[in-house]
Amino acid sequence: EAAPPAMPTPEVTVVTLKAQPVPLTRELAGRTVPFLVAEVRPQATGIVKQRLFEEGSLVKAGDVILTLDVGKSSAELTQAQEELKKAQRLLKVRQSWKQRSPAAEKQAEAKVAEWEAQVAKIESLLAATQVLAPADGTLAALTVNEGEHISQSFLIGTIHDLSRVSIPLGADAARVEDGQTVRVKIQESGLEIEAQVRKSTADQ
């Protein structure tokens, strides 16, 4: 009688268990309060020629946010400077007369003052054709577009310094630890920041 066939060797899978940390993700909603909010305002009235940044852009203090057409040109400044020189020469001539005329000198002085004021005005307007960022940060809002007419000192945007932010969490503050590394997402701009938690005394 034949012997029964041998049973196949069973296959055994060995799994080695190893303890390791598992990241725990919690999403907490809160309103971010920037460390600093700087207002962007033009120093002259004019028409927006060029918009160089979009909302959410990172800017440095001194960056040109907008350029303006203020209705004056460098050619007009040159012309005004020439007129000022003529008025100054005329005043010197009248002051050198042997028989000086106070009335004529006063008239020449008035003309010099008039052109000095005109030169200063044009220089000021030309210097204001560039609207500069007053601080480092994120351009959180920019309310004007190219071709729009804006007035001097009109609020055209804000820059938020997000190097430090305050986020009131209320009861959720107990769910994060002081010194913990977190990621903060700014909903308006989509910007994500890695930061360390520093609880205020009110949260502790």
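Me: How do you know that the span of helix H1 (residues 74-95) agrees with the number of its residues?

Reply: Helix H1 has 22 residues, and at 1.5 Å a residue these should span 32 Å. The expected span is defined as 1.5 Å times one less than the number of residues. The end C-alpha atoms of H1 are 32 Å apart, therefore expectation and model agree. The model is a predicted one, in which local features need pLDDT of at least 70 and side-chain atom pairs count only at pLDDT 80 or more, while totals for chains, interfaces and linings use all residues. Residues are numbered from 1 along each chain as its sequence is written, and side-chain values use heavy atoms, with hydrogens and water left out.

Me: Why are some segments called helices and others strands, and how many of each are there in the protein?

Reply: Both are DSSP runs numbered from the N terminus: a helix is a run of H or I with at least four residues, and a strand is a run of E with at least two. By this rule the protein has two helices and ten strands. From the N terminus on, the elements follow the order β-β-β-β-α-α-β-β-β-β-β-β.

Me: Which residues of H1 are buried, and what makes them line one face?

Reply: The buried residues of H1 are Leu77, Ala80, Leu84, Ala87, Leu91 and Arg94. Seen down the axis of H1, the buried residues fall within an arc of 105°, so they line one face of the helix. This arc is that of the directions from the helix axis to the C-beta atoms. On the other side of H1, Ser74, Ala75, Gln79 and Lys92 are exposed. Helix H2 is included in what covers the buried residues of H1.

Me: What makes Leu126 buried, exposed or partly exposed?

Reply: The relative accessible area of Leu126 is 23%, so this residue is partly exposed. Leu126 belongs to helix H2 (residues 102-127). Leaving aside its neighbours within four places in sequence, Leu126 is in contact with Lys72, Ser73, Ser74 and Leu77. Leu126 and Asp69 are 57 residues apart in sequence, and their C-alpha atoms are 8.9 Å apart in space.

Me: How is Thr67 classed at 16% relative accessibility, and why?

Reply: Thr67 counts as buried because its relative accessibility is 16%, and the cut-off for buried is under 20%. Thr67 is in strand S4. Its contacts, apart from neighbours within four places in sequence, are Ile47, Val48, Lys49, Gln50 and Thr129.

Me: Why is a set of residues called a nonpolar core, and which members of the largest one touch the most others?

Reply: A nonpolar core is a set of buried Ala, Val, Leu, Ile, Met, Phe, Trp, Tyr and Cys residues joined through side-chain atoms within 4.5 Å. The largest has 21 residues, of which Ile65, Leu66, Ile156 and Ile159 touch the most other members. Strand S1 (33-40), strand S4 (64-69) and strand S6 (137-142) each supply at least two residues of this core. The largest share, three residues, comes from S4. Apart from this core lies another, of ten residues, among them Ala80, Ala87, Val112 and Trp115. In soluble globular proteins, nonpolar side chains tend to be buried together.

Me: What makes S5 and S7 edge strands?

Reply: Two strands pair if DSSP finds at least two bridges between them. The open sheet of four strands has the order S5-S4-S2-S7, with antiparallel pairing. Strand S5 (130-132) and strand S7 (149-150) each pair on one side only.

Me: How do you know that strand S2 (residues 46-51) and S7 pair?

Reply: Two bridges join S2 to S7, and these strands run antiparallel. The requirement is at least two bridges, therefore the strands count as paired. The bridge partner of Ile47 in S7 is His149.

Conventions
Buried < 20%, exposed > 50% of the residue type's maximum accessible area, 1.4 Å probe, protein only. Contact = heavy atoms within 4.5 Å.
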